[in-house]
Amino acid sequence: MKRLMLALMLGATLPMTGGIADDGTPSKEGAEVYIISPMDGESLKSPVTVRFGLKGMGIAPAGVEKEGTGHHHLIIDTDLPPLDENIPMDEQHIHFGGGQTETTIELSPGKHTLQLLLGDQNHIPHSPAVTSKKITITIVE
């Protein structure tokens with residue numbers, strides 16, 4: 001806590017392990033991330049293959065600093081995290097730091113929401129953030 005207070009008083013930034021972000025990596029104007037499949041409102045059985053789309057920017061693995069790139073994060077059954085902090089890593093915030101553009105996930109029967117968020121090399125949303133529309137799917141038995 002003392003380190004955080006000192007850093008804030010001096011205008012310094014801390015390493016990204018503490019949840020405090022830097023100024024953000026710029027996104028490209030007009031960049032879009034979207035879910036190719038499944039479609040919004042679709043009913044299907046689990047497991048579900050989710051395919052990611054991206055326009056106006058490129059994909060680079062986590063840890064690789066390259067202008068105009070990022071990697072996908074799939075947000076499941078929750079709202080977007082704070083857009084000025086590291087994206088959490090848990091069962092609702094799935095990281096694709098290897099540059100993957102699709103995944104297969106197990107979901108329980110019922111309604112679920114899916115949304116994509118592009119993150120930079122440090123798992124921080126770009127500025128401005130590049131997010132998809134949140135879709136709702138229904139898992140049937």
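## Reading strands, core and backbone in a predicted model

Mentor: E8 and strand E9 (residues 135-139) pair in the antiparallel sense over five bridges. Residues are numbered from 1 along each chain as its sequence is written, and side-chain values use heavy atoms, with hydrogens and water left out.

Trainee: How many helices and strands does the protein have?

Mentor: Start with the definition. Helices (H or I, at least four residues) and strands (E, at least two) are DSSP runs, numbered from the N terminus. The protein has one helix and nine strands. Read from the N terminus, the order is α-β-β-β-β-β-β-β-β-β.

Trainee: How do I read strand pairing, and with which strand does E5 pair?

Mentor: Strands of a sheet pair through backbone hydrogen bonds, either parallel or antiparallel. Here two strands count as paired if DSSP finds at least two bridges between them. Strand E5 (residues 69-76) and E8 pair in the antiparallel sense over six bridges. His72 has Leu118 in E8 as its bridge partner. E8 also pairs with E9, again antiparallel, over five bridges.

Trainee: Is E8 enclosed or open, and why?

Mentor: Buried means under 20% relative accessible area, exposed means over 50%, and partly exposed lies in between (1.4 Å probe, protein chains only). Eight of the ten residues of strand E8 (residues 110-119) are buried, so E8 is largely enclosed by the rest of the structure. Across the 141 residues of the protein, 39% count as buried.

Trainee: Which residues of the largest nonpolar core touch the most other members?

Mentor: In soluble globular proteins, nonpolar side chains tend to be buried together. A nonpolar core here is a set of buried Ala, Val, Leu, Ile, Met, Phe, Trp, Tyr and Cys residues joined through side-chain atoms within 4.5 Å. Of its 21 residues, Val48, Val50, Leu74, Ile105, Leu107, Leu114 and Ile137 touch the most other members. Strand E1 (32-37), strand E3 (48-55), E5, E8 and E9 each supply at least two residues. E3 gives the largest share, four residues.

Trainee: What does Val50 touch?

Mentor: Contact means heavy atoms within 4.5 Å. Leaving out residues up to four places away in sequence, Val50 touches Ile35, Ser37, Pro38, Leu74, Thr101, Glu102, Thr103, Ile105 and Leu114. For the whole protein, residues 24 or more positions apart account for 65% of the contacts with a separation of 6 or more.

Trainee: Now Thr136. Is Thr136 buried or partly exposed?

Mentor: Thr136 sits in strand E9. Its relative accessible area is 29%, so Thr136 is partly exposed. Beyond four places in sequence, its contacts include Met39, Gly41, Lys111 and His112.

Trainee: Last, the backbone. Where is the peptide bond from Ser37 cis?

Mentor: Most residues other than glycine have a negative phi, and most peptide bonds are trans. The bond from Ser37 to Pro38 is cis, with omega near 5°. Pro38 lies in the loop between E1 and strand E2 (43-44). A cis bond also joins Ser127 and Pro128, with omega about -5°. Pro128 is in the loop between E8 and E9. His123 is found in the loop between E8 and E9, and has a positive phi of about 65° although it is not a glycine.

Trainee: What is the phi of Asp77?

Mentor: Near 55°, a positive value in a residue other than glycine. Asp77 lies in the loop between E5 and strand E6 (93-95). At 34% relative accessibility, Asp77 counts as partly exposed.

How values were computed: Predicted model: local features only at pLDDT ≥ 70, side-chain atom pairs only at ≥ 80, totals over all residues.
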